[in-house]
Amino acid sequence: MQLTRKHLLAAAIVSILAVFFAVRYLAVCEETEVRRRLRQLAGNLSRRQADSGLRLSLKNQRLAALLADPCRFVVPTYEIDVAMRPRQAAAEVFRLHSQISQVSVRFYDVRVDFPEPRRAAVRTTAYVRARNGTERRAGAFADEFELSIDMVLDQRDDWLFARFEQVEVLQR
Amino acid sequence: MRISFNVHGLKQFLAPRPQRYFLRRVAVVAVVAFLWFRLIMVPAWVSGASMEPTYRDGTLLFYLPWLPRLRPPSVGDVVMVRMAGRRVMLLKRIVAMAGDTVEFRGGWLYVNGQRREEPYVEYRYCNWELAEREVQPGHVYVVGDNRGMPMDRHYFGRAARKRIIGYPLW
């Protein structure tokens with residue numbers, strides 16, 4: 001078989017695509033790890049209606065394992081600036097989960113920077129949808145909101161969330 | 001009258017035999033569509049009720065990301081306000097510019113001490129109260145059209161002008 005220019009071009013395109021996908025999906029770089037932690041955070045903050053108490057308790061433990069000790073929460077809108085222990089923060093989320101039947105948290109527009117070694121700065125928009133009860137039940141509600149959040153992760157044994165800060169896009 | 005149905009023609013139209021020119025045309029259309037809907041007229045879904053009744057929850061709109069560079073925002077414009085990126089944005093209306101003062105009294109908007117008539121506001125069953133404040137340089141003041149919802153649940157306020165990334169087409 002004789003190699004023509006067409007064959008070489010096809011081989012080059014396939015090689016470029018292969019390298020791209022290998023780098024994108026297979027290489028375990030720091031940014032991939034940080035994004036994975038973010039997905040885990042979203043999963044453990046969310047709850048489905050079908051989630052049992054046992055499952056919520058498991059999510060609670062996993063959530064605590066994602067946080068650094070102490071973890072700082074800054075919400076300028078409500079003038080909140082507190083440092084919490086991981087179990088304490090997870091307990092607050094557990095309390096929320098037990099009051100609301102469905103919570104969905106998703107992160108969009110994730111940008112990851114590494115300002116210094118073993119530290120990652122993440123800027124993202126969190127989109128939260130919450131629903132409680134069904135439409136037929138009195139007191140049922142549904143709400144959705146979006147938040148711009150800055151996060152800091154420190155690399156200890158694994159990447160842990162050390163700080164969450166709400167960015168005020170609109171200031172009253 | 002006789003209607004003939006050309007099955008072969010339909011097949012040719014829906015699933016033509018891939019020829020070199022056909023594939024080239026498909027590629028060109030795909031690239032042009034991608035660039036058009038990415039840079040010229042970007043589609044977005046409205047989620048939430050803060051701009052009702054002007055924009056209802058679930059509406060599809062298109063915004064023009066290049067227009068703020070050509071035409072600076074002014075009072076009355078509906079604008080897209082960027083958050084961390086461009087996948088989730090806020091859709092609000094500009095009610096005051098830098099240097100103006102803004103306040104809400106009994107649900108009515110006052111700009112520079114004058115009550116502002118707002119024909120786009122239909123849900124007026126509100127009692128919003130907000131002390132007077134000045135809009136800083138480089139900012140605009142944005143509010144949603146739906147004043148029927150409680151003030152605590154309505155996200156509004158000063159936005160940096162650089163966060164305005166587009167105007168909706170309609």
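Q: Why does A:Arg123 count as partly exposed?
A: In this predicted model, A:Arg123 has 27% relative accessibility. Buried would need under 20% and exposed over 50%, so a value in between is called partly exposed.

Q: What makes A:Arg123 and A:Asp150 a salt bridge?
A: Their side chains come to 2.6 Å, N to O. The cut-off is 4 Å between a side-chain nitrogen of Lys or Arg and a carboxyl oxygen of Asp or Glu, so the pair qualifies. A:Arg123 sits in strand β4 of chain A and A:Asp150 in strand β5 of chain A, 27 residues apart, and the pair thus links distant parts of the chain. A:Asp150 is partly exposed as well, at 22% relative accessibility.

Q: Why is the pair A:Glu144 and A:Arg129 called a salt bridge?
A: The N to O value here is 4.0 Å, and the rule asks for within 4 Å, so the pair is counted. A:Glu144 is partly exposed at 23%, and so is A:Arg129 at 46%.

Q: How do you know that A:Glu92 and A:Arg95 are separated by about one helical turn?
A: Both belong to helix α4 of chain A and are 3 residues apart, which is why about one turn separates them. With relative accessible areas of 35% for A:Glu92 and 47% for A:Arg95, each is partly exposed.

Q: How many salt bridges cross the interface of chain A and chain B?
A: The rule finds 0 there, although the count over all chains comes to 22. The two chains do have 14 residue pairs in polar contact. On the side of chain A that touches chain B, β5(A) gives the most, with 6 residues. That side divides into 7 nonpolar, 4 polar and 7 charged residues.

Q: What area is buried between chain A and chain B?
A: About 1900 Å², of which carbon and sulfur atoms give 50%. On the chain A side, A:Val169, A:Leu170 and A:Arg172 lose the most area, together 45% of what that side buries.

Q: What makes A:Leu41 part of the largest nonpolar core?
A: Core residues must be buried, which means under 20% relative accessible area, and joined through side-chain atoms within 4.5 Å. A:Leu41 is among those with the most contacts inside this core of 30 residues. The residues touched by A:Leu41 include A:Phe107, A:Met151 and A:Phe161.

Terms used
Residues numbered from 1 in each chain as written. Chains lettered and ligands numbered in written order. Predicted model: local features only at pLDDT ≥ 70, side-chain atom pairs only at ≥ 80, totals over all residues. Heavy atoms only, no water. Buried area = accessible area lost by both parts, 1.4 Å probe. Polar contact = N/O pair within 3.5 Å; in protein donor to acceptor, adjacent residues only side chain to side chain. Helix = DSSP H or I, 4+ residues; strand = E, 2+ residues; numbered from the N terminus. Nonpolar A, V, L, I, M, F, W, Y, C, P; charged D, E, K, R; others polar. Buried < 20%, exposed > 50% of the residue type's maximum accessible area, 1.4 Å probe, protein only. Contact = heavy atoms within 4.5 Å. Lists of a residue's contacts leave out its neighbours within four places in sequence.
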